[in-house]
Amino acid sequence: MLLREVEYAKPSSVAEAVALLEGNEGARALAGGQTLINVMKARAASPDMLVDLNGIAGLKGIELAADGTLTLGPMTTYSELLASAEAKARPILAEVCAQIADVQVRNRGTIGGNLCANDPTNHLPPLFAAIGAQMTISGRGGERVVPAEEFFLGVYMTAVGQGELLTAITVPAGKKDGFAAVTLGVDGTCIANAAASVNGSLRIALGCVDATPIVVHPDSVDTVRDAVRAAGLDPPSDVHASSEYRAHLAEVLAERAARQAVAKS
Ligand SMILES: Cc1cc2nc3c(=O)[nH]c(=O)nc-3n(C[C@H](O)[C@H](O)[C@H](O)COP(=O)(O)OP(=O)(O)OC[C@H]3O[C@@H](n4cnc5c(N)ncnc54)[C@H](O)[C@@H]3O)c2cc1C
């Protein structure tokens, strides 16, 4: 289906983009367009204006600090992350980005777009919740930092408000991470997924079982299934999986991801 007519702007700075978004309630940021353009074609969203972030150089790139902390520009594509030497400091990032869809989607889709879309079947919201990422949100009033666990608010809803942008994602140092998913075909949409991280304590984030990633903190890998059960999941049913089957997958995948994480040195 063709797009409806829509205004288009391509600012070259964050301040200009924020001014455009703030001044027009119907304006939406455009990153890789791999979700937004599709929902516009399906008439599930019809913004009045697209504010294309592709002209803002400061929103791209990956920096590695001496202590191993990574700062990801939200406009970094999955393919750029896969090719980045810096991103290897946290290997799980490339391992998971390599599983997203196909080459076309990975060449266009961005880390920030994936997180801001917060589609419950996306790979990155549970991953970034598990690894304890911090999100920098910028608006006219300045910057604020929100932990990933508080960033995801609902389906397609995040802590980024109208007139704001996600401008950086900070990932702490660490290598003991795991990710497991059951997908529709190879590299397809997730039916259920789980990301785990052991940096000090064990943290697991479950995807596809609720509107936002569900984070659990088991004492050890041996109590992962108990912790998932105690979370009282009530996942949605659809043509791909019943609620009961998704809840079962969440337990299995959480344990799988946790065992991967603890096995890493
Ligand atoms: C065929 C196909 C298969 C796919 N399969 C998968 C999959 O298996 N797993 C997966 O995780 N994803 C999948 N996706 C989705 C893909 O990863 C998208 O790239 C991602 O969901 C959105 O990223 P984007 O850069 O394209 O963002 P866009 O579509 O441009 O934007 C998405 C949303 O985020 C907002 N936004 C973007 N950047 C910012 C920012 N910096 N600040 C504030 N708001 C912002 C936009 O306004 C919009 O609301 C698939 C997409 C397609 C087309």
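Trainee: How many positive and negative side chains does the protein have, and how far apart do the centres of the two sets lie?
Mentor: This is a predicted model, and in it there are 21 positive and 29 negative side chains. The centres of those two sets are 5 Å apart.

Trainee: What helices and strands does the protein have?
Mentor: You can count 10 helices and 14 strands.

Trainee: And why is the protein called as compact as a globular protein of that length?
Mentor: Set the value against the rule. For 265 residues the globule rule gives 18 Å, and the radius of gyration of the protein is 18 Å, close to that, so the protein is as compact as a globular protein of that length. If you'd like the dimensions too, the C-alpha trace spans about 55 × 45 × 35 Å along its principal axes.

Trainee: What share of the residues counts as buried?
Mentor: That would be 50% of the 265 residues. As for the surface, the protein exposes about 12000 Å², with carbon and sulfur atoms supplying 52% of it.

Trainee: What share of the contacts joins residues at least 24 apart?
Mentor: Take the contacts between residues at least 6 apart in sequence: 60% of them join residues at least 24 apart.

Trainee: Okay, single residues now. Why does Glu255 count as buried?
Mentor: Buried means under 20% relative accessible area. Glu255 has 18% relative accessibility, so Glu255 counts as buried. This residue lies in helix H10, residues 243-263. Setting aside residues up to four places away in sequence, Glu255 touches Val224 and Arg225.

Trainee: Which residues in H10 are buried?
Mentor: Among them are Ser243, Arg246, Leu249, Leu253, Glu255 and Ala261. The cover over the buried residues of H10 includes strand E11 (177-183), E12, strand E13 (201-207) and helix H9 (224-230).

Trainee: How do you know that the span of H10 agrees with its 21 residues?
Mentor: At 1.5 Å a residue, the 21 residues of H10 should span 30 Å. The end C-alpha atoms of H10 are 30 Å apart, so the two values agree.

Trainee: What makes Asn193 buried?
Mentor: Its relative accessible area is 1%, and the cut-off for buried is under 20%, so Asn193 is buried. Asn193 sits in strand E12, residues 190-199. Not counting residues up to four places away in sequence, Asn193 touches a list of residues including Thr121, His123, Phe179, Leu206, Cys208 and Leu253.

Trainee: Why is Tyr156 called partly exposed?
Mentor: Partly exposed is the range between buried, under 20%, and exposed, over 50%. Tyr156 has a relative accessible area of 47%, so Tyr156 is partly exposed. You'll find Tyr156 in the loop between strand E8 (152-154) and strand E9 (157-158). Tyr156 touches Ala117, Asn118 and Asp119, not counting residues up to four places away in sequence. Its C-alpha atom is 35 Å from that of Ser265, 109 residues apart along the chain.

Trainee: What is the phi of Tyr156?
Mentor: Phi of Tyr156 is near 60°, a positive value in a residue other than glycine. For background, most residues other than glycine have a negative phi. Ala101 also has a positive phi, near 45°.

Trainee: Where does Ala101 lie, and why does Ala101 count as partly exposed?
Mentor: Ala101 lies in the loop between helix H4 (92-97) and helix H5 (103-108). Its relative accessibility is 31%, between the 20% and 50% cut-offs, so Ala101 counts as partly exposed.

Trainee: How do you know that Pro74 is buried?
Mentor: The relative accessible area of Pro74 is 5%, which is under 20%, so Pro74 is buried. Pro74 has its place in the loop between strand E5 (70-72) and helix H3 (78-83). Leaving aside neighbours within four places in sequence, Pro74 is in contact with residues including Leu59, Thr110, Ile111, Leu166 and Ile169. The C-alpha atoms of Pro74 and Cys116 are separated by 9.5 Å, with the two residues 42 apart along the chain.

Trainee: And why does Pro235 count as buried?
Mentor: Try the cut-off again: Pro235 is at 5% relative accessibility, under 20%, so Pro235 counts as buried. Pro235 is in the loop between H9 and H10. Beyond its neighbours within four places in sequence, Pro235 is in contact with Val209, Ser243, Arg246 and Ala247. The C-alpha atoms of Pro235 and Asn54 are separated by 36 Å, and these residues are 181 apart along the chain.

Technical notes: Residues numbered from 1 in each chain as written. Predicted model: local features only at pLDDT ≥ 70, side-chain atom pairs only at ≥ 80, totals over all residues. Heavy atoms only, no water. Helix = DSSP H or I, 4+ residues; strand = E, 2+ residues; numbered from the N terminus. Rg over C-alpha atoms; globule rule 2.2 N^0.38 Å. Buried < 20%, exposed > 50% of the residue type's maximum accessible area, 1.4 Å probe, protein only. Contact = heavy atoms within 4.5 Å. Areas by Shrake-Rupley, 256 points an atom, 1.4 Å probe, with all protein chains shown as cover. Lys, Arg positive; Asp, Glu negative; His and termini not counted. Charge placed at Lys NZ, Arg CZ, Asp CG, Glu CD. Expected span 1.5 Å × (residues − 1).
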